[in-house]
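Here is a short report on one protein model.

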Amino acid sequence: MGSDVYVAPGARLIGDVRLASESSVFHGTLLRGESAPIEFGAQANIQDNCVVEATPGHPVRIGARVSLGHNARVYGATIEDHSLIAIGATVLPGARVGTRSIVAANATVPENMQVPPRTLVIGHGRILRQVTEAEIERIEHGADEYVRLGRDYLRT
């Protein structure tokens, strides 16, 4: 873990957890890498009260500039670069969320589901439509804001 990574007081990292440059882990989050590794790409942000847990045979990979919204949960899954797992959403073991995708607030990606790139998922694994350019801009803006916030916390 580099000196440019922010981990909030009260966040818990257990086992094999790897955080890339300018990634951030916020308050109340639990990262459990006892059963398999958890790896975060550069500028990934894990917001307040998230749970990320590797499961036997299912490591977790969170790509670059991914945002896990408050209370999101990821178990043994892969989230590809520039994606958003929104507030309260859950991604279950063996699932893969493609690049520039959004899992909507409180939605669930079922076990082993393969979400194509640029896809919006709602409800229980329902693919609604392609992600718009405006939504991609919001994902990027959110990632930028959390990089800035992590830097601010590191300076204090």
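## The His82 site

The side chains of His82 and Glu140 are joined by a polar contact of 2.5 Å. A polar contact is a pair of N or O atoms within 3.5 Å; within protein, one must be able to donate a hydrogen and the other to accept it, and residues adjacent in sequence count only if both atoms are side-chain atoms. The model is predicted: local features need pLDDT of at least 70, side-chain atom pairs count only at pLDDT 80 or more, and totals for chains, interfaces and linings use all residues. Residues are numbered from 1 along each chain as its sequence is written, and side-chain values use heavy atoms, with hydrogens and water left out.

His82 sits in the loop between strand E10 (78-79) and strand E11 (84-85). Strands (E, at least two residues) and helices (H or I, at least four) are DSSP runs, numbered from the N terminus. His82 has a relative accessible area of 17%, so it is buried. Buried means under 20% relative accessible area, exposed over 50%, partly exposed in between (1.4 Å probe, protein chains only). Leaving aside residues up to four places away in sequence, His82 touches Ala64, Arg65, Val66, Arg100, Ser101, Ile139 and Glu140. Contact here means heavy atoms within 4.5 Å.

## Aromatic pairs

The structure holds four aromatic pairs. Rings of Phe, Tyr and Trp (its six-membered ring) pair if their centres lie within 6.5 Å; planes under 30 degrees apart count as stacked, over 60 as edge-to-face and the rest as tilted. One of the pairs is Phe26 with Tyr146, edge-to-face at 5.3 Å centre to centre and 75° between the planes. This pair links distant parts of the chain: Phe26 is in the loop between strand E3 (24-25) and strand E4 (30-40), Tyr146 is in helix H1, and they are 120 residues apart. Both Phe26 and Tyr146 are buried.

Phe26 also pairs edge-to-face with Tyr153, at 6.0 Å centre to centre and 65° between the planes. Tyr153 lies in helix H1 and Phe26 in the loop between E3 and E4, so the pair ties together parts 127 residues apart in sequence. Phe26 has 2% relative accessibility and counts as buried. Tyr153, at 33%, counts as partly exposed. Tyr6, Phe26, Tyr146 and Tyr153 form one aromatic cluster.

## Lining of the largest pocket

Which element gives the most to the lining of the largest pocket? Helix H1 (residues 133-155) does, with six residues. Among the lining residues are Gln47, Glu135, Ile139 and Tyr146.

Terms used. On a 1 Å grid over the protein atoms alone, a cavity is a set of points where a 1.4 Å probe fits but cannot get out, and a pocket is an open set with protein on both sides within 12 Å along at least five of seven lines; lining residues have an atom within 4 Å of a point.
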